[in-house]
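Please open the model in your viewer and keep the selection panel at hand. The stops below go from single side chains to the whole chain.

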Amino acid sequence: MDPQPLSSSEWAQIGTVLKFLWAALGCAIVAGFSLLTAHAIITSLVDTNTIPAKWSSLRPVFYTVGIFALIGVIACFVLAGLNMDWLEVRYSRYWQ
């Protein structure tokens, strides 16, 4: 197989896929921080009386942000996968 240079439309699709993958990374970091804060940090600090118990009312907010961020990760991976048709065009036979 002789490799051919990528066309501008293929480069545009690669750029779109990379943007979705970076967005997935950002959503994963937000989800991790939010879920860790809601499930472990706030609970631990309230149990040890380091912060007042009223901080527990923030846990649902962090859980909501974390769940939406996880949905964002899944959506970004799906959208990145839908923009990968240039790969099948470029390498039509997967198992050579």
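Select Cys 27, which counts as partly exposed because its relative accessibility is 22%; here buried means under 20% relative accessible area, exposed over 50% and partly exposed in between, with a 1.4 Å probe and protein chains only. This is a predicted model, in which local features need pLDDT of at least 70 and side-chain atom pairs count only at pLDDT 80 or more, while totals for chains, interfaces and linings use all residues. Residues are numbered from 1 along each chain as its sequence is written, and side-chain values use heavy atoms, with hydrogens and water left out.

Is Cys 76 buried or exposed? Cys 76 counts as buried, because its relative accessibility is 10%. The cysteine sulfur closest to that of Cys 27 belongs to Cys 76, but at 4.8 Å it is too far for a bond. A search of the whole structure accordingly finds zero disulfides, a disulfide being a pair of cysteine sulfur atoms within 2.5 Å.

Now move to Glu 10, which is found in helix α1, residues 8-47. Glu 10 counts as buried, because its relative accessibility is 11%.

Helices here are DSSP runs of H or I with at least four residues, and strands are runs of E with at least two, numbered from the N terminus. Among contacts between residues at least 6 apart in sequence, 75% join residues at least 24 apart.

The chain has a radius of gyration of 21 Å, whereas a compact globule of 96 residues would have one near 12 Å; the radius is taken over C-alpha atoms, and the globule rule is 2.2 Å times the number of residues to the power 0.38. Buried residues make up 20% of the 96 residues in the chain.

Note on methods. Contact = heavy atoms within 4.5 Å.
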